[in-house]
Number of protein chains: 2
Amino acid sequence: MKVMVSINLKPGVLDPQARAIENSLSSLGYTEVSGVSTGKQIILDLDETDESRARQKTAKMCETLLVNTVIENYDITIMDEDS
Amino acid sequence: MKVMVSINLKPGVLDPQARAIENSLSSLGYTEVSGVSTGKQIILDLDETDESRARQKTAKMCETLLVNTVIENYDITIMDEDS
C-alpha cells in the first residue's frame, strides 16, 4: 500500500524558500501570484493491507522521525489499496 | 484559486534523502517499509478564476522556474475553486 505524507510548515513559521519563489515569479512577470507556500512529500511503500493500520503506523513514523512537530503539520493520504 | 504543484524525481534519478529515510526507518524497527520516495510541494495562490487558465499559467511557471524538467516530473492539482 502506498501512503503519502504531506508535510507543511505551521502557520507563522518563516518560509524563506517560499518567499524566494514568490520574488522570482514576480520578477519574471507572474504578477497574478499572490502567495506561495512550500512543503515536502514522502511516499512510503508499506507491506500492510489494512488502511487504518497503515495510517496508524505512518502516523507513528511521522511523530518519531519524519516530521518536526514543533514547526510542521502533516497529513496522511492513502494512495492506493493494491497489494 | 489555490494550485498545488507536486514535484517528484524522475524514475532512475538518485534520491539520497529517500534512502536516508528508508535506512533510518529500518533501524528504528519499521521493517514493513519496502520503499520510500520524496518530493516537493509548492502551493500557489493565483488571482485567476478560470481553472484551465490557472493550469496553463502554472505549467508555464513550472517550466520556467519551479521545476528542473531534466530530472523532475510535476503534477498540477487545483485545490479549490474559491475566489
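How many salt bridges does a search of the whole structure find over all chains? The search turns up 12, a salt bridge being a side-chain nitrogen of Lys or Arg within 4 Å of a carboxyl oxygen of Asp or Glu. This is a predicted model, where local features need pLDDT of at least 70, side-chain atom pairs count only at pLDDT 80 or more, and totals for chains, interfaces and linings use all residues. Residues are numbered from 1 along each chain as its sequence is written, chains are lettered from A and ligands numbered from 1 in the order in which they are written, and side-chain values use heavy atoms, with hydrogens and water left out.

**View 1. A salt bridge inside chain A.** E72(A) and K40(A) form a salt bridge, with 3.5 Å between the closest N and O atoms. E72(A) sits in strand β3 (residues 72-78) of chain A and K40(A) in strand β2 of chain A, so the pair ties together parts that are 32 residues apart in sequence. Strands (E, at least two residues) and helices (H or I, at least four) are DSSP runs, numbered from the N terminus.

**View 2. Where chain B meets chain A.** Here 29 residues of chain B are in contact with 29 residues of chain A, contact meaning heavy atoms within 4.5 Å. The two chains bury about 2600 Å² between them, 57% of it on carbon and sulfur atoms; that is the accessible area (1.4 Å probe) lost on putting the two parts together, summed over both. In chain B, the residues that lose the most area to chain A are Y30(B), E32(B) and Q41(B), together 23% of what that side buries.

**View 3. Salt bridges across the interface.** Between chain B and chain A the count is 2 salt bridges. In one of them, the side chains of K57(A) and E32(B) come together at 3.7 Å, N to O.

**View 4. The β2 strands, side by side.** Strand β2 (residues 33-46) of chain A pairs with β2(B) in the antiparallel sense over 13 bridges; pairing takes at least two bridges found by DSSP. Look for L44(A), which stands opposite V36(B) in β2(B).
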